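This report covers nonpolar cores and salt bridges in the structure shown below.

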Amino acid sequence: MLTCLGFTNGFMIKPSVVPIVPILDKQNDPTVSIVVLPGTLVRPKHYEPIARKIESMCKSKKIDVDVSLAKFTLNVGHRFQVESMSEEILKTVKTDNIVLVGHSASAFVGIDIASKIGAKGLVQWCGTFNSRGSFPWDIRDRSILYSPVLCILAEQDGMFSFTSALKDFDGLNSTSTFPTYIKDAKHMSGVSYLGITPKKHLTKRVKNYMESKSLTEKDVEESYTRSISLRISDFIGHVEGSDERVSECH
């Protein structure tokens with residue numbers, strides 16, 4: 001058995017071949033356990049601001065949650081780690097009410113993990129089931145996962161085409177799938193790099209708006225974080241049964 005190597009910044013560090021799920025906000029008796037699955041090659045710490053915002057918004061809805069950030073080997077969310085990550089999540093979380101939030105590649109990998117652990121809900125952030133074969137990877141049918149799904153798309157996504165992703169919802173006949181999008185957002189909008197969104201991740205329209213309102217990159221980053229977190233917290237309220245509101249595509 002692999003042993004612990006030590007502690008860094010309060011988080012237990014294990015050999016990189018073993019995924020870890022460090023707890024951000026420990027609750028003695030959470031109602032819902034939220035696990036954020038990072039996108040490929042994105043360090044888990046860059047999701048800390050949005051994880052904390054999700055937690056605070058859930059608390060404002062009187063939902064007690066604990067939030068975890070998953071760490072894949074080499075920060076690559078890949079299907080070869082579905083089994084190990086599923087086991088790690090079940091070993092770490094404190095409740096059977098688990099909601100996964102998968103960004104980018106992990107929006108797709110999250111399908112299998114959600115099925116393995118019996119997640120109560122899945123948030124696909126900049127990713128879909130690819131049920132219409134719009135992208136050059138596996139096609140997954142929505143019916144393989146019984147849990148409610150919230151899909152958050154980015155309007156100006158240059159890595160995961162917004163218009164192509166919309167095909168997944170053409171003629172959608174599911175009362176438990178909720179598509180929504182963030183206006184002017186790109187693929188990495190809401191993923192914090194030292195708390196600031198680099199200008200290369202902003203659209204020209206947003207840059208012009210920033211100049212007219214004297215806004216900083218940090219102001220814009222926080223607005224994306226709020227928008228994404230609001231949708232996720234609404235979804236968690238719906239899954240948990242305390243709030244029927246779920247953000248709709250607009």
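A residue is called buried under 20% relative accessible area, exposed over 50%, and partly exposed in between. By that scale Lys59, at 40%, is partly exposed. The model is a predicted one.

**Salt bridges**

The count comes to eight salt bridges.

| Pair | Distance, N to O |
|---|---|
| Glu48 and Arg52 | 4.0 Å |
| Glu55 and Lys59 | 3.0 Å |
| Lys91 and Glu88 | 3.3 Å |

Helix H1 (residues 48–60) holds Glu48 and Arg52 four residues apart, so about one helical turn separates them. Glu48 has a relative accessible area of 21% and is partly exposed; Arg52 is also partly exposed, at 37%. Glu55 and Lys59 are likewise four residues apart in helix H1, about one helical turn.

In helix H2 (residues 82–92), Lys91 and Glu88 are three residues apart, about one turn of the helix. Lys91 is exposed, at 60%, while Glu88 is buried, at 8%.

**Nonpolar cores**

The largest nonpolar core has 35 residues, and Ile34, Tyr47, Val123, Trp125, Ile232 and Ile236 touch the most other members. Helix H6 (residues 217–240) supplies the largest share of this core, six residues. Setting aside residues up to four places away in sequence, the contacts of Trp125 include Tyr47, Ile50, Val101, Ile152, Val191 and Ile228. A second, separate core has 21 residues, among them Leu37, Leu100, Val109 and Ala119.

Notes. Residues are numbered from 1 along each chain as its sequence is written. This is a predicted model: local features need pLDDT of at least 70, side-chain atom pairs count only at pLDDT 80 or more; totals for chains, interfaces and linings use all residues. Side-chain values use heavy atoms; hydrogens and water are left out. A nonpolar core is a set of buried Ala, Val, Leu, Ile, Met, Phe, Trp, Tyr and Cys residues joined through side-chain atoms within 4.5 Å. Buried means under 20% relative accessible area, exposed over 50%, partly exposed in between (1.4 Å probe, protein chains only). Helices (H or I, at least four residues) and strands (E, at least two) are DSSP runs, numbered from the N terminus. Contact means heavy atoms within 4.5 Å. A salt bridge is a side-chain nitrogen of Lys or Arg within 4 Å of a carboxyl oxygen of Asp or Glu.
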